[in-house]
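Please open the model in your viewer and keep the sequence panel beside it. The stops below are given in an order that can be followed by selecting one item after another.

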Amino acid sequence: MPDSFGKRQRREVKAKKAAAREERRVARNQRRQDRAAGILQEGAPVADLADESEDLGLDSRDDENEPNQNV
């Protein structure tokens, strides 16, 4: 008898969550090894703020050149 759609869906969701959990575990262990080797500093941010602003479509250079429009 074939699985119902709900069972398949739950199984797929569990597999995706397990894969994401494993990726986070591997990344966490890599950061720990990098800190132990002196590559990363303690408490250093993992992601750079400039990279995040680019990902969000923000450009800080535009803000510096535009006149204040709230006058």
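Helices here are DSSP runs of H or I with at least four residues, strands are runs of E with at least two, and both are numbered from the N terminus. The model is a predicted one, in which local features need pLDDT of at least 70 and side-chain atom pairs count only at pLDDT 80 or more, while totals for chains, interfaces and linings use all residues. Residues are numbered from 1 along each chain as its sequence is written, and side-chain values use heavy atoms, with hydrogens and water left out.

Of its 71 residues, 1% are buried (under 20% relative accessible area, where over 50% is exposed and anything in between is partly exposed, using a 1.4 Å probe and protein chains only).

Next, select residues 5-37, which make up helix α1. This helix has 33 residues and spans 48 Å from its first C-alpha to its last, close to the 48 Å expected at 1.5 Å a residue, the expected span being 1.5 Å times one less than the number of residues.

Within α1, select Glu22 and Arg25, which are 3 residues apart, about one turn of the helix. An α-helix has 3.6 residues a turn, so residues three or four places apart point the same way. Glu22 and Arg25 form a salt bridge (a side-chain nitrogen of Lys or Arg within 4 Å of a carboxyl oxygen of Asp or Glu), with 2.5 Å between the closest N and O atoms. Searching the whole structure gives 1 salt bridge. Glu22 is partly exposed at a relative accessible area of 38%, and Arg25 is partly exposed at 36%.

Move along α1 to Asp34, which is buried yet has no salt bridge, the nearest side chain of opposite charge being that of Arg31, 8.0 Å away; for charge, Lys and Arg count as positive and Asp and Glu as negative, with His and the chain ends not counted. Leaving aside neighbours within four places in sequence, Asp34 is in contact (heavy atoms within 4.5 Å) with Ile39 and Leu40.

Finally, select Arg35, also in α1, which is partly exposed with a relative accessible area of 26%. Residues up to four places away in sequence not being counted, Arg35 touches Leu40, Gln41 and Glu42.
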